[in-house]
Each structure stands twice: as C-alpha cells, then as structure tokens.
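Open the model in your viewer and keep the selection panel at hand.

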Amino acid sequence: MAWAGTGALLVVSGGVLRSQILSRSGNVSKNVTPGDLSFVQISDSHIGFSKEANKDVLSTLKVAIDKINALPTPPAFVLHTGDLSHLSKPEEFDALDQLLKSAKTDRIFYVPGEHDVLTDNGAIYLGRYGKGTRGAGWQSFDVKGVHFIGLVNVLNLKAGGLGNLGREQLEWLEDDVKGISSSTPIVVFAHIPLWTVYPEWGWGTDDSEQALSYLRRFGSVTVLNGHIHQTLQKIEGNVHFHTAMSTAFPQPAPGAAASPGPMKVPAEKLRSVLGLANVNYIQGKQALAIIDSPLETAAAATTTGA
C-alpha cells in the first residue's frame, strides 16, 4: 500500500499489479483503440464544503472536468464514487450537475457517499441519480464485455463506523453474478472501501467479505472506491482494490493523525493531492490500466514557489 499524490500507471495482468509513476502528460489513453474501453473515476467532490482545506471545491472539480475533456480518447462514461455533496442540500447537487454537464462523456454513473444521505436517508439523492437502480441505489450494467456493479455501503452509518451493504443488497449481488461466465472482467464501485484499510476510522465495510465471496471465481475483479481521499492499492488473489483521490480536499494517511477529516496543505500544493483516475480495458486481455492523475503534479507546484 502507498499514499500517492502523484500520478501512477497501474496495470493488472495475470494477478500482478505493476505501478509506474507518470509524468505530468503521461496517460495510457493515447494507446486506446476504438475497440477498447476507457472510463474515468472521480470521487468525493463535497460540493458545499468551504473550510480552510479548500474554500473553492467547485474550482477544483472544474479542473478535474477539464482534465477529462482533454483526454485524447473521450471516456465512454464517468463513475462518481460518492460524496457528491457535503450536506445533502439540493443546491449542492444543483451546482454539481451544472458543472458535470460540461464533461465530454456519454453518461455518468453514481453511487452515494455518506454525505449524500445525511438528512433524508438518501431520498434526494435517489430522486436525482437513482433512475434504473435497485434498493438504495445499487445497480449493474455491461459495457464491451465488462460487468460493472455499483454498491451502496453508506446507509445507517454510526459515527466512525464501518460501511455496511446489508442482507438485501448481498442477496441481490449473489443473484446478479450467478449467470455470468467466470472469464468476464468484473468492476465493482462503491464509496467506502470494500477492504479494511483502517477500522479505527471506519475505513472499511463490515460485510465486504460476504460480497467478495461471490466474486472470487472470476479471473479479473477490480474494486474502485473513494471516501479516504487518497490513492491506496491492495491485491488479494484475483481481486485488485483501488481507492481514488478526492477532487475537494485530502485526508491524512491511515493512523497519521488523531482522526480523519479535511487536511490543510499549502495552497500551492493542494492540486497535487487532488485528482481522478482514468481506467482502460483492452478486449481480449485480462488487464485494466489505471492512471491516478493529480489535478496538478507536485513538480508543477514546486515551480510556482512551493
């Protein structure tokens, strides 16, 4: 595991994860052909947040969208892995929607974060983003031979507690993958990590092992999460876990502070610890390449006086 504020190219092949630090301009989408699948993950936009860690989260989200729009190959879609808003307010969702309209992509898929279900158990979120989903917003769909599963693990959370999927969702997941060939690549996306990153801070999901037990027969499983506002990777057999940076503010590395929460960094370095992930799948190969792309590299920040 590593905490990264710089871009990294991650290639999953034959159960081995290879990581390479990227230059500011590096990205694998230059090598994507029309038959390949490329999509982008963004997370933890926290629209409505305005404290010292980042007083203008709309501006940093716009930078992330600009990076999406600058990709040589437009992504097939965007996954937003939760905490769209900071306080679940309609005006926060309105501001997010207005900005995301400018993203050059065919569709955006969402799962909620705990900040999106604060006041109404997710009713506003579901009304806006839950069309075609099941239960509290879980869903699955197929694109170019890849099966995507969006899970919800943020309802009924206790302060500092682990995420939870619940029996109804687990039963749905088991049924969802029953008829799928074990050679089908699986991509799971949810807000809170589906592996135990740091339980003392609630960074994990208490019934994730049950969910993962339904997926271990598949040869390629990639799990994308947000929530912890930093890049961490882990491999367990054929399952490759990957958490994303936030577009709003960083959080401390696990156990590096008294508690999690917004971490203030010098203004000139903020964009080097915020970012998004670009994911590519090449048909016929059991490999996904993931680029963690900061809004601005640390090197670039240094040149401006860091």
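**Start at helix 4**

Select helix 4 first: it lies across strand 6 and strand 7, and runs at about 175° to strand 7. Contact means heavy atoms within 4.5 Å. Axes are lines fitted to C-alpha atoms, for helices over the stretch in contact, and angles run from 0 to 180 degrees between N-to-C directions. Helices (H or I, at least four residues) and strands (E, at least two) are DSSP runs numbered from the N terminus.

This is a predicted model, in which local features need pLDDT of at least 70 and side-chain atom pairs count only at pLDDT 80 or more, while totals for chains, interfaces and linings use all residues. Residues are numbered from 1 along each chain as its sequence is written, and side-chain values use heavy atoms, with hydrogens and water left out.

Next, colour the open sheet of six strands, whose order is 6-7-8-9-11-10 with mixed pairing. Two strands pair if DSSP finds at least two bridges between them. Strand 6 (139-143) and strand 10 are the edge strands, each pairing on one side only. From one strand to the next, the twist averages 15°.

Zoom in on strand 7 (residues 146-150), which runs parallel to strand 8 and is joined to it by four bridges. Gly-150 has Phe-189 of strand 8 as its bridge partner.

Then move to strand 10 (residues 233-236) and strand 11 (residues 239-243), an antiparallel pair with four bridges. Gln-233 is bridged to His-242 in strand 11. Two residues separate these strands in a hairpin, and Gly-237 in the turn has a positive phi of about 65°.

**The cores**

Which residues have the most contacts inside the largest nonpolar core? Select Ile-149, Leu-151, Leu-173, Val-177, Val-188 and Leu-215; the core has 34 residues. Such a core is a set of buried Ala, Val, Leu, Ile, Met, Phe, Trp, Tyr and Cys residues joined through side-chain atoms within 4.5 Å. Buried means under 20% relative accessible area, with a 1.4 Å probe and protein chains only. Helix 4 gives this core its largest share, four residues.

Show what surrounds Ile-149: beyond its neighbours within four places in sequence, its contacts include Trp-172, Leu-173, Val-188 and Leu-215.

Another core, of 23 residues, lies apart from the core of 34. Ile-65, Leu-71, Leu-100 and Tyr-129 are among its residues.

**The whole chain**

Finally, zoom out to the protein chain, with six helices and 13 strands. Of its 306 residues, 57% are buried.

How values were computed. Buried means under 20% relative accessible area, exposed over 50%, partly exposed in between (1.4 Å probe, protein chains only).
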